[in-house]
Amino acid sequence: MTVPELHEITLRVNGVAYRTRVPARRLLSDCLRHDLGLTGTHVGCEHGVCGCCTVLVDGQPARSCLMFAVMAEGCEVTTVEGLAAPDGTLSAVQRAFAECHGLQCGFCTPGFLTVLTAFLTENPKPTEEEVVEAISGNLCRCTGYQNIVAAALRAAEILREERAEEIVAAGDGDGAEPERAREEAAE
Amino acid sequence: MKPPPFTYHAPTTVGEALGVLAELGPEGKVLAGGQSLIPLLNMRLAVPPHLVDINRIPELAYVRVDAGGVRVGALARHAELERHAGAYQAVPLLRQALQLVAHPVIRNRGTTVGSIVHADPAAEMPAVLALLGGTVELARKDRRRTVGAADFFLGPLESCLEPGELALAVHFPHLPGRTGTAFVELARRHGDYALAGLAAAVTLDEDLRVAHARAAYVGVAPVPLVVDLTDAVRGVSAAGERSWTLAGRLAQSEVQPEADIHATAEYRRHLVGVLTARALHQAAQRALPEPGPDRTETTP
Ligand SMILES: Cc1cc2nc3c(=O)[nH]c(=O)nc-3n(C[C@H](O)[C@H](O)[C@H](O)COP(=O)(O)OP(=O)(O)OC[C@H]3O[C@@H](n4cnc5c(N)ncnc54)[C@H](O)[C@@H]3O)c2cc1C
Ligand code: FES
Ligand code: FES
């Protein structure tokens, strides 16, 4: 067998450009973990079933074990390491997981956090049923789904509160806006 | 659980892709969303020497609604088709079925054309294509051809795609007026492949009685199995709560389910009966004319 050729690729992960050389068969999950040292992305099954390896590719959740690193060239990848603010402040979804005991052993957590981050951007006011559908592709071996669902709903609440505060702080509009924003957040 | 080595090609136009595929012949395999192919590689169930990645060919990324129905390019993701309002209006069965295809995250990358070429007898979109009598557009360097669903699926994971061929698009024709559709299945967990299921279409006559009913089954035959159920339900009133079990029984006599680790053949046959009745009832309800629009709800 011939030695597989290496591909020189540039990956943008969490806003940082990384240059690396990989064989075509390198899975994105392995590239993130082994080549870039971003071990927050976890690998469970490597056939798309468990969801632990989920990252955001151009803002959309995707299985990093079902993509080759060469396919991600030119895409914006966000891993769990990229969810917190640059100063380390945890994102609303991360805080809600801590608050509601959505974390057990933590193995599945990165996948849940990335999926929910994208989901709550698209659907800021989900029902419990919609949350369950959104995380239906993620398995938690500790089987603590109750608290994970509660954390997702709490995260939605925090995000709405934050948005309301932003609108109040901005203070523009017709004057009725802060009131409306607060009411909406409270619902 | 790591993929075997392969040579990677990333053409940026259809012409370039067809050139590479022609050169590679049986050595080349198309990589679309990778949601079926990469698991097969990771499990070493497939060992293709060359992969031709079509993800850099933007001209294949489209969903178009035309007078005849919905045309879906090879790079349109399940999620894009699912969200497409025009496609839903023209062929509601598309969204009804896509909601049952895997999980939302898989649908973000998996393509509808890839799912059809993959020809898994448990997959939803091949059954949709079969029920609607849709077509697949195939291209080779020196030839293009359009194949109807009835000739496209040859067996489990086997379509009539030849080495060197690229599926450019699939076309889902829309159904005549007063026709309702439904996709009903039973999976062990929502998003998993179904143990058994069907896409159903029911057409009503002017008196809102069943004029025509047919279904395409998943998980109970080597290819999507289309069965005409009209004889069992002709004249049934769509508005009534009348039982549809006769159609279920007719369907049971037509399918050839197999047993596997998840279900016995007998259980699958039982499911076919129950799910058929449920799907036809739902499809018939949807075929009824909509009650007039509520004036207060209309937006300017
Ligand atoms: C966890 C999980 C659960 C799933 N559950 C379901 C489910 O419930 N129902 C369901 O229907 N599917 C399910 N799938 C499969 C998913 O729907 C895939 O999207 C689909 O089967 C294949 O599409 P793809 O674009 O990913 O194709 P790929 O994986 O890239 O390719 C699949 C095959 O088709 C060929 N191919 C693809 N596109 C072309 C083309 N344009 N021309 C020629 N050949 C082509 C490839 O060579 C390969 O042989 C599941 C997948 C996973 C990982
Ligand atoms: S490791 Fe990717 S889905 Fe399980
Ligand atoms: S927290 Fe342990 S696997 Fe989910």
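With which residue of chain A does the side chain of Lys2(B) meet in a salt bridge?

Tutor: The partner of Lys2(B) is Asp30(A), with 2.7 Å from N to O, where a salt bridge is a side-chain nitrogen of Lys or Arg within 4 Å of a carboxyl oxygen of Asp or Glu. The model is predicted, so local features need pLDDT of at least 70 and side-chain atom pairs count only at pLDDT 80 or more, whereas totals for chains, interfaces and linings use all residues. Residues are numbered from 1 along each chain as its sequence is written, chains are lettered from A and ligands numbered from 1 in the order in which they are written, and side-chain values use heavy atoms, without hydrogens and water.

Between chain B and chain A there are 4 salt bridges, and 11 residue pairs, both partners at pLDDT 80 or more, are in polar contact across the interface (N or O atoms within 3.5 Å; within protein, one able to donate a hydrogen and the other to accept it, with residues adjacent in sequence counting only if both atoms are side-chain atoms). On the side of chain B that touches chain A, two or more residues each come from β1 (7–9), α2 (37–42), β3 (50–53) and α6 (104–109) of chain B (DSSP runs, helices being H or I of at least four residues and strands E of at least two, numbered from the N terminus). The largest share, 6 residues, belongs to α6(B). By class, this side of chain B holds 16 nonpolar, 9 polar and 8 charged residues (Ala, Val, Leu, Ile, Met, Phe, Trp, Tyr, Cys and Pro are nonpolar, Asp, Glu, Lys and Arg charged, and the others, Gly among them, polar).

Taking the interface as a whole, 33 residues of chain B are in contact with 32 residues of chain A, contact meaning heavy atoms within 4.5 Å. The area buried between chain B and chain A is about 2600 Å², of which carbon and sulfur atoms give 58%; buried area is the accessible area (1.4 Å probe) that two parts lose on being put together, summed over both. Of the area that chain B buries against chain A, Tyr8(B), Val105(B) and Arg109(B) supply 21%, more than any other three residues.

An oxygen atom of ligand 1 is 3.0 Å from a side-chain N or O atom of Lys29(B), and a backbone N or O atom of Ala32(B) is 2.8 Å from an oxygen atom of ligand 1.
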